[in-house]
Structures are given as structure tokens and as C-alpha cells.
Amino acid sequence: MQASPAPAFVLHSRAYRESSALVDLFTPQGRLRAVLRNARGKSGTLARPFLLLEIELRGRGELKNVARLESAGIPNLLTGEPLFSGLYLNELLIRLLPAEDPHPLLFDHYAATLQALAAGRPLEPLLRAFEWRLLDELGYGFALDHDLHGEPVAADGLYRLLPDAGLERIELLQPGLFHGRELLALAEADWAASGALAAAKRLMRQALAPHLGGRPLVSRELFMSLKESSRD
């Protein structure tokens, strides 16, 4: 069985057997895993993250073979913090996206996010927007302007996140809560609002945690190490 040509990004690649590589690919048809033969040649140099490719795959099982692989765009050159941000997006997709589960809109959002990272756009809004789109595409999204009972979020209210249900209003102050005004700013993607970016980061961490299985994200740890070393 041979599939028609499709756009793809390499999420991760590692050596496989003598001269091949095992590559995790992100395509509009979902996350796929394939064997790339002769990975030390031209194909191997193309099979790197953040470069839009055109691929053809063969095979009926979950592990397919790359029949053709060509560049289909200009590489998104990421260095420093944008590079670690891109690796973070790739790790999220590998950890959370089921194999062969089509998400064409998420693929387009990913491609646009890589371009924005390469262009030097502010990191935090890009990462938070991608996390939100990923959760929503996987069916884990929730309303930001209404609580789990359908009541409008009050600007002066306090809320906690129940990841499987949504936002719940709380009367007593406790750790990990969100101010209603912050949630309403996030609903409008108003990143300039006071506290919006910090609240978005905490909210997305709480929302993602149940789906990551308790294992830390390697890219996040590398990113924190980079920031700490830059302060020394």
C-alpha cells in the first residue's frame, strides 16, 4: 500500500538498525511513525525538525516505510529559546496525540507557530495558544468565560480548574486559583491584560498535567536549564 504525497514535519528521529532511522512524523492525517532507510544520505539530512516536507509512505501497519521524502519549504531556523520552544511543541505532540488520528487544523496551527517562532514573535502567547488548540482538538478543552455550571465567569470571582469538567467558582481563597478577570482576558486572547500571561501558563500546566501521565517533559527541563545558565 502506498499513500499519496502529503505534507509532514519530523517531530523526532533516532537511529534504527544499521543505517536507518525511526522517525515520528506529524501530518494532517495525524502522528505517524516510519522507518527511513539510508538515513545517513540526503534523506537523513532532510529528516530534521521544523522543516516542511513532502513524503510518501508505504505499509499497512502502524510502522510504515518512507518511500519518498523531499523538502517542501524554507527551514524554520530556530535557535536559543525559540528552539527549545519548538522542541516543547514536538514533545507535546508525541506525548499527547494518538497515532493516526487526523487533525488538519492542528497541523496548520503548528506550521504557523513554527513560522512565528522563527520570526521572533513573543514566545509565551504562541506557546499558550498552541497548548490551548491542542487540548481543544483532543477534546479536553473547556470554556474560559463560563463555569462548569454554565454561569458567566465573574470578573471579581475566584475559580479553580477541574480538568475533566471545567472551571468552578470558589468562595474561599486557596492555592492554584484564578481570578475571573484573568480568565476573561484569556477568553479574548488579551495577552496585554495584567496577569494574563502568568495565569495562562498556570492554567495550561494544570490542564495538561493529567494527560502527561506524571512524567516530566524533557524539553521543559532543558528550557529551564537554558534560562538558569543564561542568568549565570
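Ala, Val, Leu, Ile, Met, Phe, Trp, Tyr, Cys and Pro count here as nonpolar, Asp, Glu, Lys and Arg as charged, and the others, Gly among them, as polar. With that in hand, the lining of the largest cavity has 7 charged, 5 nonpolar and 2 polar residues. Keep in mind that this is a predicted model, where local features need pLDDT of at least 70, side-chain atom pairs count only at pLDDT 80 or more, and totals for chains, interfaces and linings use all residues. Residues are numbered from 1 along each chain as its sequence is written, and side-chain values use heavy atoms, with hydrogens and water left out.

**The cavity**
- A cavity is a set of points on a 1 Å grid over the protein atoms alone where a 1.4 Å probe fits but cannot get out, and lining residues have an atom within 4 Å of a point.
- The count comes to 1 cavity of 30 Å³ or more.
- The largest cavity has a volume of about 150 Å³, the volume being the space filled by probe spheres set on the grid points, which are joined across faces, edges and corners.
- Of its 14 lining residues, Leu127, Arg128, Arg205, Arg220 and Phe223 sit closest to the centre.

**Who lines it**
- Helices are DSSP runs (H or I, at least four residues), strands likewise (E, at least two), numbered from the N terminus.
- H2 (80–96), H4 (123–137), H6 (196–208) and H7 (218–231) each supply at least two lining residues.
- H7 gives the most, with 5 residues.

**A look at H6**
- Its buried residues (under 20% relative accessible area, 1.4 Å probe, protein chains only) include Ala196, Leu203 and Met204.

Technical notes:
On a 1 Å grid over the protein atoms alone, a cavity is a set of points where a 1.4 Å probe fits but cannot get out, and a pocket is an open set with protein on both sides within 12 Å along at least five of seven lines; lining residues have an atom within 4 Å of a point. Buried means under 20% relative accessible area, exposed over 50%, partly exposed in between (1.4 Å probe, protein chains only).
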